[in-house]
Amino acid sequence: MALQSIWTGTISFSLVAIPVQLVKAVLPGRVSFRMLHAKDYSPLSREMFCPDEEKIVPPDEIVRGFEIGPEKYIVVTDEELESLSPERSRSIEIVDFIDSDDVDPVYYDRPYYLVPSKSGEKAYGLLVEVMRRTNKAGIAKFVFGEREYLVLVRVTSGALCLVTLHYSDEILSDTGIAHEREGAVSEEKDRMVKTIRDMEAAFKPEKYTNERKRKIVSLLGKKAKKQAPVEAPAAGEETPGGPGDLVAVLQESVRKLKATR
Amino acid sequence: MAVRAIWKGYVHFESFDVPVKLHTAVREQRVQFHLLHSRDHVRLRQQMVCAYEKVPVPADEQVHGFELEEGKFIIVDDEELDRIEPEDSRMIEVHEFVRTGQIDPVYLERFYYLGPDVVSPGYDALLEALLEEGMEGICTWTMRKRSYAGALSARGRVLRLGTLRYSDEVVPAGSVDLPAIELSDRELKAGIDLVNQLSGRFQPENFENEHQRKLQELIDKKASGEKISILRPKRRKATAPDKLLETLEASLKKVV
């Protein structure tokens, strides 16, 4: 599987700086549809649109604004954003090493992997091996896009996995959600413990498939057999992107779904 | 303050049914930007546009097409998609229990707190059973017309439900291509010593969202017409492979 780099920079701890790339660990699992015009099946594209002029606005005429009053905005540029923490927009700096299981999973947001860039393989390998042997994970801060993230860097199957974390003020308190204990529960608990032990298994994520996706794929398969696909008018200059291969796309999806069951 | 419940259901496994209420565990806070037209600062909105004619197409003239091959589509209408929606149910069905810590964090998506819905001994019993056994329940349920897979766990006095990503959405760590490397004992020892020196406990409340604060300050400054100076991003020089040991040892001297 080709991993697509979405950021390049360094990950560092103390004086050691390792050149790395950031890649996504999560891909969209949805069946992707293209929106079409009902009358002639021309493909549609999502554009930024000015409601006053009723015109599409090209990317180089779009700016980012913060609303300070009704229809009053302060424009903030990419350079200004990056300039807020210049040292953190190109470097993921580990500030602390902690025990791997010290972070409450409720803090987890989005996972990524770090891949070593050229000549970074050795230092990358060292950090992985040292964290594995000490059972530690790193806590770091870095700026990515419009936000600054608090991140956890941990080792998964020999690779560095970076998980963005929520800030503590984004975690809602669980106080008041559970009641005080309602007296004796031991009999019920003992029966549950017995059942839990009977139902113990290893975690196999592929056992749980996306039912919706399976149903969409099967619907598409049925429709493809019954009727010929509609055709979009001959493409102008725009060529719609998308899978190039015939029914194989569907067959492949169906095969994959079957294989995972 | 505890947040309001968003959904009610019951945890089911074998002969047990534990009525629960779901509460949101995370509420994101961030400075919200809008996209504007640069010349007059009119706020833009997203619009589906005919890719050929570049004219806006209203929602009731749009259909979903699955592209079989270039320019050829299978049309799926909204009714067909509606029929695919799962039926609503109140059951959070536990299929099996796994050891805590077995779930790779890559799968974890979003957490909810589960509170007891009606007073029943089941809630406390389940909480204590899971804590005692060090187990989590893998379950599935349907909520607001979506099916979920999730992990039911216990922490402190509260049960939680973390939604799990489906395996076809997750890139396995094994896809990261890593060359075999050789490390000397000295390099490893220096690395381990350094990591131990830099170790502490995770204290999330020590990390403020500093960027957010600076961003707010920047906006305030600009609003009052102050000049903004631009700082270029700083790149750190990568440690050369043959300088690794030297750098580790210099780091150790610095922290000790």
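Helix axes are lines fitted to C-alpha atoms over the stretch in contact, and angles run from 0 to 180 degrees between N-to-C directions. In this predicted model, helix H2 (residues 121–134) of chain A packs against helix H3 (residues 185–197) of chain B. The angle is about 60°, and the axes lie 9 Å apart. H2(A) and H3(B) are therefore oblique to each other. The crossing of H2(A) past H3(B) is right-handed. On H2(A), the contact is made by Leu126(A), Glu129(A), Val130(A), Met131(A), Arg133(A) and Thr134(A). On H3(B), Glu187(B), Leu188(B), Gly191(B), Ile192(B), Val195(B) and Asn196(B) take part. By class, the residues of this contact are 6 nonpolar, 3 polar and 3 charged.

The two chains also meet through strands. Strands of a sheet pair through backbone hydrogen bonds, either parallel or antiparallel. Strand S4 (residues 44–50) of chain A runs antiparallel to S4(B), and 6 bridges join them. Here Met48(A) has Gln46(B) as its bridge partner. These strands belong to an open sheet of 3 strands, ordered S5(A)-S4(A)-S4(B), with antiparallel pairing.

Another pairing links strand S6 (residues 62–69) of chain A with strand S3 (residues 34–37) of chain B. It is antiparallel and spans 4 bridges. Within it, Ile62(A) stands opposite His37(B).

Taken as a whole, the contact involves 159 residues of chain A and 148 residues of chain B. On the chain B side, helix H2 (residues 121–133) of chain B gives the largest share, 9 residues. That side has 81 nonpolar, 32 polar and 35 charged residues.

Methods. Residues numbered from 1 in each chain as written. Chains lettered and ligands numbered in written order. Predicted model: local features only at pLDDT ≥ 70, side-chain atom pairs only at ≥ 80, totals over all residues. Contact = placed C-beta atoms within 7 Å. Helix = DSSP H or I, 4+ residues; strand = E, 2+ residues; numbered from the N terminus. Nonpolar A, V, L, I, M, F, W, Y, C, P; charged D, E, K, R; others polar. Pairing = 2+ DSSP bridges. Parallel < 35°, antiparallel > 145°, perpendicular 65-115°, else oblique. Left-handed = near helix turned anticlockwise from the far one by under 90°.
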